[in-house]
Amino acid sequence: MKTLSRVSAALALIAPVQAGLRFPCSTLTFQRLDPVVEPGAVPAAHVHHIVGGNAFNATMTGDVGERGTCTTCQMSEDFSNYWTAVLYFKHPTNGTYHRVPVLPVQPLLGGSQGASGGLTVYYTQFDLNKDNLKQQKVTAFKPGFRMTVGSPAATSKPHVGLRYQCLTGQNRGAEMSDFPTKPCTGGIFTTHHFPPCWDGKNLDSPDHQSHMYNTISLDGFTNAPACPSSHPVRMPQVTYETVWDTSKFNSLWTTGPNPFVWSFEGTSGYGTHADYMFGWKGDALQRAMDKSECFYDGCGSIKKQQMTVANTCTVKEMVKEETVGWLKVLPGRGGEMAPM
Ligand SMILES: *[C@@H]1O[C@H](CO)[C@@H](O)[C@H](O)[C@H]1NC(C)=O
Ligand SMILES: *[C@@H]1O[C@H](CO)[C@@H](O)[C@H](O)[C@H]1NC(C)=O
């Protein structure tokens, strides 16, 4: 009896929490493309780190989930694309730029599950520990839906939900609204939380943000307070987490302020931003949002794939330019002729 109760206590401890989806997506590509903000532009203004489905293109319209044939995400019915700007190291003395590699996020449980670079995606229904589906319906995005959060033009005002952490070993450190001011031995961790309330009508808006509304005023994974009547539809709370492996540049940071810049030459951390292009197949995301899923792997109503399979999904090099380094100028920042 004693043994048995010990076993069941241990099982209770590892029982999955019920709080939406969290899953890795490997890197799909680093390219100067942005089908949300600059559709059709090859190249777009700055380099992005893009994960997700292979329907990714300079222009994306219609039902992405029906067009995708593979995805770098663990959830194999998710052909969405997720992207952010890219972090570069600007050499403090010779001024050249080198792209900072990305590492899979190490979740608190489960390791990186074989992801290659990439980022971690969350679709939460309430907060990190529960779903509260009895209290509120969470409505999945519709085909064609897209949104952005943050702006490369922002230079001063902190934006709630867009944060940096300085990684040292297992410690993520405090959430900050600007770049760390000291070298981080484990890299720089960036978080992008999207707003949770939709106007119920528009798949996009001229600024790619006004069709959504943010009611969250706290950092971290907190449940969104009630949506306003202008934006009454409660959507999943989408979040990206990325680990930028700055470690090999730390010894070159011998002088001066933070040498890490965003790919739009964003020396201020406030310019951090992210883009979302919905592309789940059919009603897969809605099925997941209607259930209490296993937090770490979405077991149950939606399909998964091995990351070794996800890692084989690719898209073509469409811009055909060097983005790694050491570069005299950042791609798109002058010094080269933009292709006509
Ligand atoms: C990307 O768009 C181009 C131009 O419209 C098209 O020729 C190509 O097939 C598209 N690629 C994918 C993967 O959809
Ligand atoms: C700048 O420094 C890096 C790292 O030490 C080096 O690899 C690169 O060649 C240097 N570039 C120039 C233009 O001096």
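Of the 340 residues in the protein chain, 45% are buried; a residue is buried if 20 or more other C-beta atoms, placed from the backbone, lie within 10 Å of its own, exposed if 12 or fewer, and partly exposed in between. The model is predicted, so local features need pLDDT of at least 70 and side-chain atom pairs count only at pLDDT 80 or more, whereas totals for chains, interfaces and linings use all residues. Residues are numbered from 1 along each chain as its sequence is written, and chains are lettered from A and ligands numbered from 1 in the order in which they are written.

The protein chain has four helices and 18 strands. These are DSSP runs numbered from the N terminus, helices being H or I with at least four residues and strands E with at least two. Two residues are in contact if their C-beta atoms, placed from the backbone, lie within 7 Å. Among the contacts in the protein chain with a separation of 6 or more, 73% come from residues 24 or more positions apart.

Strand S4 (residues 81-85) is largely enclosed by the rest of the structure, because five of its five residues are buried. Strand S3 (residues 48-52) runs antiparallel to S4 and is joined to it by five bridges, with Ile 50 opposite Trp 83. Strand S17 (residues 273-277) is also antiparallel to S4, through four bridges, and here Asn 81 stands opposite Met 277. Two strands pair if DSSP finds at least two bridges between them.

An open sheet of four strands has the order S16-S5-S6-S18, and its pairing is antiparallel. S16 and strand S18 (325-327) are the edge strands, each pairing on one side only. On average, neighbouring strands of this sheet are turned by 35° against each other, direction ignored; the axes are lines fitted to C-alpha atoms, for helices over the stretch in contact, and angles run from 0 to 180 degrees between N-to-C directions. Three bridges hold the antiparallel pair of strand S5 (residues 87-90) and S16, in which Tyr 88 stands opposite Val 261.

A further open sheet has three strands in the order S13-S12-S14, again with antiparallel pairing. Its edge strands are strand S13 (212-213) and strand S14 (233-234). Two bridges join strand S12 (residues 197-198) to S13, and Trp 198 stands opposite Met 212.

A nonpolar core is a set of buried Ala, Val, Leu, Ile, Met, Phe, Trp, Tyr and Cys residues joined through C-beta atoms within 7 Å. The largest such core has 46 residues, and those with the most contacts inside it include Val 51, Tyr 82 and Tyr 276. A second, separate core of 25 residues includes Phe 30, Tyr 88, Tyr 164 and Val 261.

Gly 269 lies in the loop between strand S16 (260-262) and S17. This glycine counts as buried because it has 23 C-beta neighbours inside 10 Å. Beyond its neighbours within four places in sequence, Gly 269 is in contact with Tyr 164, Ser 177, Asp 178 and Phe 179. Gly 269 and Thr 155 are 114 residues apart in sequence, yet their C-alpha atoms are 7.5 Å apart in space.

Ligand 2 is surrounded by His 91, Asn 94, Thr 96 and Trp 326, a residue being near a molecule or strand if its C-beta atom, placed from the backbone, lies within 6 Å of it. This shell divides into one nonpolar, three polar and no charged residues. Ala, Val, Leu, Ile, Met, Phe, Trp, Tyr, Cys and Pro count as nonpolar, Asp, Glu, Lys and Arg as charged, and the others, Gly among them, as polar.
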